[in-house]
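Subject: Structure handover

Hello,

Please find the structure below, with notes on what was found in it.

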Amino acid sequence: MTIVTVINGKPYAIIKGAPEVIAARSLRVNEESLNKISNSFAEDGLKVISIAMKPLLEIPANPNSEELENGLTFVGIIGIEDPSNRDIVSIIKDCKSLGKKIIMLTGDHISTAISVAKKVGILTKNEQAISCNDLANFSEQQLKEEINNFTVFARATSEDKLRIVKILKEQGENVLVTGDSINDSYALREADIGCSMGLTATDMVNYSADLVITNNKFSSLFSAICESYNTVENIKR
């Protein structure tokens, strides 16, 4: 993500993103030190974001990403704790008891994703995690054959999320996708049920979704699933 702003009367581009992406676009970065710090944050379950900046001669009338987002000065790394809801562990356990598979699709570092997924019960000892950087090497056929081995997909882009949802649907799964960022829009549209987390979602995400959860609680989705079971049983009777 890039913004252009004015600091002390001079225009600058301020860029944030994954450490490895920002480092590749920056000048004079000690990648060994960067990776060490980044991995340490990620293993503690922190979201890891890097910041860089670039001085500009003027505020561009027609911003060009190739010009703004290369030759950067690396500023630093931020580790952000995103605590889970207290009831999420029991809810995920209950979802699994109903035969529902929970999959994490995240843009976070794979170590962060694994740490969080283990804490909330998404990733168990019999399940695997993968970075979508590695997933790019999978052919469509290979991914179709192995997709059910994974419950965590890290560093997932909007294209990765869409690709995974399409394959799951092709295999006969009924797919519900939750999301709140613009990167989730394609997957929300493709899913059988696209569910926006309305408190933090952008307008585009809300328009792309079939449902908007106004309290952002996963427990609301679980309640809806349970209610649907009751409705089906009532119809059968």
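Ile59 sits in the loop between E4 and helix H3 (65-68). Helices (H or I, at least four residues) and strands (E, at least two) are DSSP runs, numbered from the N terminus. Ile59 counts as exposed because its relative accessibility is 51%; exposed means over 50%, buried under 20%, and partly exposed in between (1.4 Å probe, protein chains only).

Two source notes apply here. Residues are numbered from 1 along each chain as its sequence is written, and side-chain values use heavy atoms, with hydrogens and water left out. Because the model is predicted, local features need pLDDT of at least 70 and side-chain atom pairs count only at pLDDT 80 or more, while totals for chains, interfaces and linings use all residues.

Strand E4 has a covered face of Val48, Ser50, Ala52 and Lys54. The uncovered face holds Lys47, Ile49, Ile51, Met53 and Pro55. E4 runs antiparallel to strand E2 (residues 10-17), joined by six bridges, and antiparallel to strand E5 (residues 72-80), with seven bridges. Two strands count as paired if DSSP finds at least two bridges between them. Met53 is the bridge partner of Ile14 and also stands opposite Thr73 in E5.

Which residues of helix H5 (residues 110-120) are buried? They are Thr112, Ala113, Ser115, Ala117 and Val120. Their cover includes helix H2 (31-43), strand E4 (47-55) and helix H4 (88-97), as well as strands E6 (104-105) and E8 (150-154); contact here means heavy atoms within 4.5 Å. After H5 comes Gly121, with a positive phi near 95°.

There is also an open sheet of three strands, in the order E9-E10-E11, with parallel pairing. Strand E9 (176-179) and strand E11 (211-213) are at the edges with a single partner strand each, so one side of each has no neighbour in the sheet. E9 pairs with strand E10 (residues 193-197) over four bridges, and Leu176 has Ile193 as its bridge partner in E10.

The structure holds eight salt bridges, each a side-chain nitrogen of Lys or Arg within 4 Å of a carboxyl oxygen of Asp or Glu. One of them joins Lys47 and Asp108 (2.8 Å, N to O). Lys47 is in strand E4 and Asp108 in the loop between E6 and H5, so this pair ties together parts 61 residues apart in sequence. Lys47 is partly exposed at 27% relative accessibility, whereas Asp108 is buried at 16%.

Another salt bridge links Glu140 and Arg163, with the closest N and O atoms 2.7 Å apart. Glu140 lies in helix H7 (residues 140-146) and Arg163 in helix H8 (residues 158-170), so parts 23 residues apart in sequence are tied together. Glu170 and Lys144 also form a salt bridge, at 3.4 Å between the closest N and O atoms. Glu170 is in helix H8 and Lys144 in helix H7, 26 residues apart.

Regards
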